[in-house]
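Please look at the sequence and the model first.

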Protein chains: 2
Amino acid sequence: MDTLVQFVNPLYAVGMETTSDLSREALAPRGQAAKRLSILDAATAVFCRDGVAAASIDAIAEAACVSRQTVYNHVGDKEKLFVAVVKEVTARSTARLFETLGTFPETPVDVEHELTEFAVRLAGNCMCDPDGAALRKLIENEGQRYPELFATWKQYGPGKSWPAISARFAKLASAGDLDIPDANLAARQFMALVNADLPNTYYMGQPPTDAELLEAATNAVSTFIRAYRRQSAAG
Amino acid sequence: MDTLVQFVNPLYAVGMETTSDLSREALAPRGQAAKRLSILDAATAVFCRDGVAAASIDAIAEAACVSRQTVYNHVGDKEKLFVAVVKEVTARSTARLFETLGTFPETPVDVEHELTEFAVRLAGNCMCDPDGAALRKLIENEGQRYPELFATWKQYGPGKSWPAISARFAKLASAGDLDIPDANLAARQFMALVNADLPNTYYMGQPPTDAELLEAATNAVSTFIRAYRRQSAAG
DNA sequence: AAAATGTTAGACACCACTGTCAAAATTAAC
DNA sequence: GTTAATTTTGACAGTGGTGTCTAACATTTT
């Protein structure tokens, strides 16, 4: 239940709950939601940097500018902290992805141009976003050790994202712009092509520049459209 | 120096040195190269499973069926062990990639068919290979903590692999089969497309089945060729 | 069989971390 | 200004890891 709420409603996990009466968690007693967020952010960073097992609560507390005891008071032990982090970051990443998906050019005038601009937003806001990168890393590294959490993440992360992405490409096809027999496949390939040309430095600290983003998007969309353009006459 | 030898000559690091006099390392005194390999393999597995910082030498020793002291005798402390593992796995992966690249269809009769078969080999032997997967994971997680090692890896891993891959696509283009203005870009996109459609379970233990491999290769090559096919008349 | 070499088992000091506790200090509420 | 809630501080036992050492054991080599 608790789990579901956090995954389904991003606003909740982002700490934007109305501080009213809806979310009477045992955790955040009254006001200091900021401190809780600070702890989760710090934990995300340290978990990513050191790995969950090697991450020390002291390091997290220090990064959050908080005493160790406060960490235990807010979230509990390390495993609960990790679960809270994954839920938080999943909610944020998913929200950001859906926000970006809202700008997908479903009935474009200039397919290539508008799809390229969308790819820039996708790469900048989602793929290279610190939350997204952190989440990928955490899931990839620790997923096997927390099967339940992993399953829940799959359900509310990829399980919701991919159909949404595919649906956009299906609409784009039915708008007559491209010839896409399999929207799921096209969606996977589109994402892969955008990723293919991003400088591989972005999971090592530095995010790509705007120019790099644009180049990656341009190359990806160019190839994507050449592969999926509608044939004038016979196919 | 030592570093260079191990990276440049895969056979050395794989433990196939002639056991003669060429490689008078302080490490492998005379015969028991098998034990050393066993230690490196076990360390690879445990490092991947637990992360380097959280991996215990005892766990590695147990996995290698060896006493802890023997680990220290052969390789030294944990950092040296990690460096040895990365070199070993890099050498193995690179060797396997180049072996597979040797089967690239440079002057094919049926481009699509032969490129698909190559993609199957590439995915099966390189992308989903345990060594390759382990290496990606280790580099991604620990690269930042070992800048020198990371730099050396980049030099002898991607720095050697990508030009070799690109060169194949350039030859394929000049053979008249495809229209590839930028072989580097095409190579990146080809790899990305093959990866895009592999079941994402392969870094979680189970390798993909032959059928899954073939489907991924088919989809990837189909899209790749549609994007890069030579236009009959004007382009 | 003897000698040299490699391997194991156990013990060791040392260190870093966990999770808990109680008392002091700070901050917010009324 | 007093009361209540939160946070900090420092201490604590317990755990598990490192890297070293030594003496016993096993395996080759000669």
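Q: How many aromatic pairs does the structure hold over all chains?
A: The model is a predicted one. A ring pair is counted if the centres lie within 6.5 Å. Over all chains, the number of aromatic pairs is 20.

Q: Which residues of chain A do ring pairs link into a cluster?
A: A pair of aromatic rings is described by the distance of the centres and the angle of the planes. Ring pairs join several side chains of chain A into a cluster. Its members are A:Phe104, A:Phe118, A:Phe169, A:Phe190, A:Phe224 and A:Tyr228.

Q: Which charged residue lies over the face of A:Tyr228?
A: A:Tyr228 belongs to the ring cluster of chain A. A charge from chain B lies over its face, at 4.6 Å from the ring centre. In the other direction, the charged end of A:Arg226 sits 4.7 Å from the ring centre of B:Tyr228. The residue over A:Tyr228 is B:Arg226.

Q: What is the area buried between chain A and chain B?
A: The size of an interface is often given as the accessible area lost when the parts come together. Here 27 residues of chain A are in contact with 27 residues of chain B. Carbon and sulfur atoms give 51% of the buried area. That area is about 2700 Å².

Q: How many residue pairs are in polar contact across the interface of chain A and chain B?
A: The count takes pairs in which both residues are at pLDDT 80 or more. Across the interface, the number of such pairs is eleven.

Q: Which helices of chain A each supply at least two residues of the side that touches chain B?
A: By class, this side of chain A has twelve nonpolar, six polar and nine charged residues. The helices that each supply at least two of its residues are helix 3 (33-50), helix 8 (130-142), helix 11 (183-196) and helix 12 (210-228).

Q: Why are A:Arg92 and A:Glu88 separated by about one helical turn?
A: The side chains of A:Arg92 and A:Glu88 meet in a salt bridge of 2.9 Å, N to O. Both residues are in helix 6 (residues 78-101) of chain A. They are separated by about one helical turn because they are four residues apart in that helix.

Terms used. Residues numbered from 1 in each chain as written. Chains lettered and ligands numbered in written order. Predicted model: local features only at pLDDT ≥ 70, side-chain atom pairs only at ≥ 80, totals over all residues. Heavy atoms only, no water. Contact = heavy atoms within 4.5 Å. Buried area = accessible area lost by both parts, 1.4 Å probe. Polar contact = N/O pair within 3.5 Å; in protein donor to acceptor, adjacent residues only side chain to side chain. Nonpolar A, V, L, I, M, F, W, Y, C, P; charged D, E, K, R; others polar. Phe/Tyr/Trp six-rings, centres within 6.5 Å; stacked < 30°, edge-to-face > 60°. Lys NZ or Arg CZ within 6 Å of the ring centre and 35° of its normal. Salt bridge = Lys/Arg side-chain N within 4 Å of Asp/Glu carboxyl O.
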